[in-house]
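Visitor: I have a model open and would like to go through it piece by piece. Can you take my questions as they come?

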Amino acid sequence: MSTKEQREHIELLQGTLDLLILRTLLLGPAHGHAIAKAIEFKSEEVLQIEQGSLYPALHRLIKRAWILVEEGTSENNRRAKFYRLTPKGRKQLAIETSKWDKLAGAIARILRPVEREGE
Amino acid sequence: MMRRRKRMLEELDDDIRDHIERETQDNIERGMSPEEARYAAIRKFGNVTRVKEETREVWSVVWFEQLLADMRFGVRMLRKNSGFTAIVVLTLALGIGANTAIFSVVNAVLFHPLPIPEPHRVVVLHDQFPSWNMPRTKVSPLQFLEFSRRTDLFESTGALKPANLNLTGRDQAVRLQVMEATAGLFTTLGIEPILGRMFTTNDETRGGAHVVLMSQRLWRRLFSGNRSALGGTIKLDGQSYQIVGVLPENIETLYPHVEAWIPAAFSPESLTEEHRWYVDYTMLARLRKDVSLPQAQAAMNTVADRFKAEGFTFGVEVRPILDEQVGDARGSLYILWGAVGLVLLVTCANIANLLLARNVGRSREIAVRAALGAVRARLVTQLLTESLLLSLVGGGFGLLLAYAFLAGLTRIAPADLPHLDAIRLDSDVLFFTLVVSFIAAMLFGLVPSALSARTDLAKTLKEGGRGTGSSRGGRKLRSILVTSEIVLALVLLVGAGLLLRSFAKVLDVQPGFDPNNLLAMRVSLPTAIYGNPKQLPVFSNTLLGRISAVPGVVHASIATGIPFASDGYNTTFEIRNRQAQPNEPVPHASVTYVTSSYFETFKIPLLRGRFFSSADLRYGNWLATGAVRIIDEALAKRFWPNGDPIGTEIGNDGQWATIVGVVGRVHDRDLATESEGTIYIPGYGGTTLAVRTASDPMLLAGVVSEQLRAIDEDVAVYDVEAVKDLVSASLARRRFATTLLTLFALLAFLLALTGLYGVIAYVVTERAPEIGLRLALGAQRTDIFRLMLTQGLRIALLGVVLGLFTFSLVRPLIASQLYGVGSTDLFTLIAVSLLLLGMAIAATFIPARRAMRVDPMVALRYE
C-alpha cells in the first residue's frame, strides 16, 4: 500500500516536469543535459530540479510516444542521444498547457480574490 | 515492447554517465577544480540508483500487476460465493470435459499423423465399378504393374494381399495373419527394418527361396526378441521360410494384425489380359513430390477412360491413405464433435445467465467502484478475469472428467475405429482444453461484464442494494440466452431422436437368418496339402461328419464366407436366352460356395424349388454338366420380376448351371444395407465353418476346435465367434454415435431447462412487488400463475420454432447417418418439440407457483 501512495505523490511532481520537458523540446531536439540546463536557465534558476529525475520522466514520455530518441552528435562532436517531440507530444503539450493555465488561473483567483474584484 | 524496454534500460547507464560528464565539464568551465566539478555534478544529479529504479518502474508491466490483483480479488469473490462457483464449475466441467474427450478421439483418429514419413503423399489406388455397385475394389496384378509404370506420377508403388498361413512345426498349428507384399511396399511407406533387410525384387521371383519378415510382436513372441532369430527359419504351412528381417512397430499402426510378411510373387497367368479384372491386391503408391492428389486423380481418370467401351462403368480412385484408414468414421466423428461443441455453447449460455443474475446482485458493488473512479474497461477486465478463473478451474475439472469419459468411451467405441489405442490426453488435447476454456470464458463472460459495467450509477446507488438498474436489458438478454439454449438443445434432441429411431429400425431388420445359437469359425488349411483337389472334399466331409456327431450340434456347414464375417466374393454372370436391356450393366451378384446343409444351418427359408443335396457338391469344374445353383430372393426379383427362375440357366462363357431353388435374402455385411443378390454354389470351396447349436454356441467352440485338430495337426482355427455377436458388432459404430449424441442432447436439454427455470424464477423474484400489488388490487392468483407460465412458454415456443428452423439448416449433415427415417421425420420432430415444451412447462411450473403464493403484504412492505 505504501508504494502506491508514494507513486501517486511522485506522479504529481512528475506531471509538471513532463510539461516542462515537452515545452523545452518544442524549440528543437536536445540531449538530456541540455534539457536540464534549459529548464534551469529559463526558470531563472528558480526551479532547481534534481537532474536525475529527468530520466524517469524522459522514459515515461518515450513510452507514451510523446517524444522519441535519436542518435546524433552534439555541438562538440560527441555522440549523444537527442530527444525530439512527436506530433502526438506536441498535441499533448497544447492540452497540458491549457490545463495548466486553467489550474494556475483558478488557483490565482482563489489566492488573490481582491485583485479579481478590482478588475 | 519488452525488447524496447530492455534496450532503453541498457543504455541508461551510458546516458547517466554522459550527463554527469557534461555537467562536470560545465562546472570546470565555470572555474571549479576537476575534483570539485565532478562532486558538484554528482550531487546535482541526485541518487543514481534511485533514478535507475524509477526509470525501470516506468517500463514495468502494469497490466500484469493488475491481472494479479484481479485474480486475487476474483479468487476471493468466487470463494465467497462458493455455491455459485460450484454450480458454474460443475456445469463447465461437464461441457469442457465432454469436449475434451471427443476432441481426443477426433485428434487420435482423424488428425493423428500416420507414423510414416510424409503420409499425405501416400495413396491407395482403387478400381471402381459403379454399375456393379462396387464403388471401391482392389486392383489386379496386371493393373498394378501398369499403374506402377506411371513414374511420372508415382515415386514408388507397392501391392499387398492378405494370406492365411499356418505356423507349423510347433506343438499346435497357429494361424498367422500373413501379408503378401511386393518389395516396393516398404519403400512406398518409408519403413525401414529394425533388424535385417527388406524384400528385394529378387525375393519376388516365383519358386525362389522362401523368405519372411516378422512383425516385432511375432519376433518377441517366438524368439523373445533375440537377434539370433535372423537367418533362422520358421515353418509356414509346412514350408520353411528364412527370416530376413524384423519390421518396426510403426507398421503395426497401419496393419495392426499382420504378424508376418512374405514376398508377393505374381504368377504369369495372373498377369494375362484375361485376369485384368481379378482384383485382389491392394495397391499403394507414393506420389512424386511435384504431383498433387488432383493431378494424380486426373491422370488415372484418363487411364480409366480406356475401358469406357467395355459395357460397364469403370474408374480408378486415388485415395489418401489416411482416408483409407479412417473410412466412414469421419462423418460420424465430425457430427459428434459438432454436437459436443453445441453442448459447450449451451453451457456457456447457461453460465452467462447465472453470471448476469449474480452481477445484478453485485450491481451496487460495481456502482460503488465506478463512482470511486474505476474506468469501465477496468471493471470489464476485472469481471472477465473472474470468468477466466471460473473457466480455468472448470477446465481443470473438465480434464478429470474427460479422463473418466474416455475410459467409458473407448469401451463403447467400435473396434474398427483406427488408432483407437492412440486415444489419450496428450499435449494437443491439453492445449485444446486450454483454448476451449479461454473461449468459453469469453463467451459467457464478455456480455454480462460489459452489461454490468454500463450500470447507471446514480440509479443503482439510489435504489439501494436491490440494484434493479440494469434489469430491463438484463432480463431481455437472459431471455435471449435461454431461447438460444432451447434452440441448440432442440437441434441436438432432434438429431439424437433421429439416430435413435434409425437404430431401432436397424435393430428391427431381420437379417434373413437366425443369428442365435450359431457358431462360426475360420479354418486355416495348409495350402500345400489341401491345394490338391481331392483333399479338400475329403477333409470337409470328415470334418462335417465328426462335428455333426458332437452332442448339441444341430447342423454344420462349410462356406466361403458367412454373413457379417467376411467381405465375400463378387462375380458377373450371364442368363441364358435372356435379351439384355440396352445400357444394362452386366448382371452381377455376390457368390458363396456352400455345403449342402448351409441353409438349414443358418435357417434361411426356402421360397421355391429345393435345397442342395450332397450329390450337388463338387470341387472344381463348377460349370460342368449337371451343375446347379440356388439364388436368393433379391436376385430373383431383379432378373425374374414376374417369372419363375427355377430351371433357368446362368453361367459364364457359354457354360451353364441350372437354378434349382430360391431362398430368402440375407443381409451379408450390415443390417442397414440391402444385399444386391447372392448366388449360392454347392461345393467345397470354403474354409468358414458354421455350426447351428442347441444352446449357447460358445460352449461348443472348444469341442469343435478339438475335432478339427484331431483330423489334422496342422490345421489352425481362428475367429471363433457367436454369429449373434458378429451382427451386434456390425452395429458398433451406429451404437457409438447414437449413444453419444443422445447423451449430449440430454445434457444440453437439462442445461436449457435449468436455464429456463432460472430465468422465470428470477422474473418472479424481481416482479414480486408488482405481483403483490396486482394481488392487492384484486388479481386472481390463477391469473398470476398463468402470467408466469405464459412467460416461460413463450420463450420455449420461440426456442422450439427457431430450433426447428436451425435444424433444417444442419439437416443434410445427419441425413447420411440415418436409416429408415427421413431427416424430416415428422414423428421425431413433433415428439421432440412436445417433449421440450412439456418439460419447459414443468420447469416454469415451480417458480410460477411461487409467484402465485406471493403474500401481497410482505411483497409490498419491501417497496
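Guide: Go ahead. This is a predicted model, in which local features need pLDDT of at least 70, side-chain atom pairs count only at pLDDT 80 or more, and totals for chains, interfaces and linings use all residues. Residues are numbered from 1 along each chain as its sequence is written, and chains are lettered from A and ligands numbered from 1 in the order in which they are written.

Visitor: Chain A, then. How many helices and strands are there in chain A?

Guide: Chain A has five helices and two strands; helices (H or I, at least four residues) and strands (E, at least two) are DSSP runs, numbered from the N terminus. Their order along the sequence is α-α-α-β-β-α-α.

Visitor: What percentage of chain A counts as buried?

Guide: 26% of its 119 residues. A residue is buried if 20 or more other C-beta atoms lie within 10 Å of its own, exposed if 12 or fewer, and partly exposed in between, with C-beta atoms placed from the backbone.

Visitor: Which residues of helix 2 of chain A are buried?

Guide: In helix 2, residues 32–42 of chain A, they are Gly32(A), His33(A), Ile35(A), Ala36(A) and Ile39(A). They lie on the same side of helix 2 of chain A, because they cover an arc of only 165 degrees around the axis. The arc is that of the directions from the helix axis to the C-beta atoms.

Visitor: And what about helix 13 of chain B, which residues are buried there?

Guide: Ser363(B), Ile366(B), Ala367(B) and Ala370(B), within residues 363–371. They cover an arc of only 100 degrees around the axis, so they too sit on the same side of helix 13 of chain B. An α-helix has 3.6 residues a turn, so residues three or four places apart point the same way.

Visitor: Now the interface. How many residues of chain A are in contact with chain B?

Guide: 14 residues of chain A are in contact with 18 residues of chain B, where contact means C-beta atoms, placed from the backbone, within 7 Å. On the chain A side, helix 2, helix 3 (54–63) and strand 2 (79–85) each supply at least two residues. Helix 3 of chain A gives the most, with six residues.

Visitor: What classes of residue make up that side of chain A?

Guide: Four nonpolar, six polar and four charged. Ala, Val, Leu, Ile, Met, Phe, Trp, Tyr, Cys and Pro count as nonpolar, Asp, Glu, Lys and Arg as charged, and the others, Gly among them, as polar.

Visitor: On to helix packing in chain B. At what angle do helix 12 and helix 15 of chain B cross?

Guide: Roughly 35 degrees, with the axes of helix 12 (residues 329–361) and helix 15 (residues 427–453) of chain B coming within 9 Å. Axes are lines fitted to C-alpha atoms, for helices over the stretch in contact, and angles run from 0 to 180 degrees between N-to-C directions. The crossing of these two helices of chain B is right-handed. A crossing is right-handed if the near helix is turned clockwise from the far one by less than a right angle, and left-handed if anticlockwise.

Visitor: Which residues make the contact?

Guide: Among them are Leu344(B), Cys348(B) and Ile351(B) of helix 12 of chain B, and Val436(B), Ala440(B) and Leu443(B) of helix 15 of chain B. By class, the contact of helix 12 with helix 15 of chain B has 12 nonpolar, three polar and no charged residues.

Visitor: And helix 12 with helix 24 of chain B: at what angle do they cross?

Guide: Their axes cross at roughly 15 degrees and come within 10 Å, helix 24 of chain B being residues 732–776. Helix 12 and helix 24 of chain B are therefore roughly parallel to each other; angles under 35 degrees count as roughly parallel, over 145 as roughly antiparallel, 65 to 115 as roughly perpendicular and the rest as oblique. The crossing of helix 12 and helix 24 of chain B is left-handed.

Visitor: Single residues next. Where is Ala285(B), and is it buried or exposed?

Guide: Ala285(B) is in strand 10 (residues 282–287) of chain B. Ala285(B) counts as buried because 26 other C-beta atoms lie within 10 Å. Val123(B) is 162 residues away along the chain, yet its C-alpha atom is separated from that of Ala285(B) by 5.4 Å.

Visitor: Last one: what is the phi of Lys603(B)?

Guide: About 55 degrees, a positive phi although Lys603(B) is not a glycine. Lys603(B) is in the loop between helix 20 (598–602) and strand 17 (606–609) of chain B.

How values were computed
Two residues are in contact if their C-beta atoms, placed from the backbone, lie within 7 Å.
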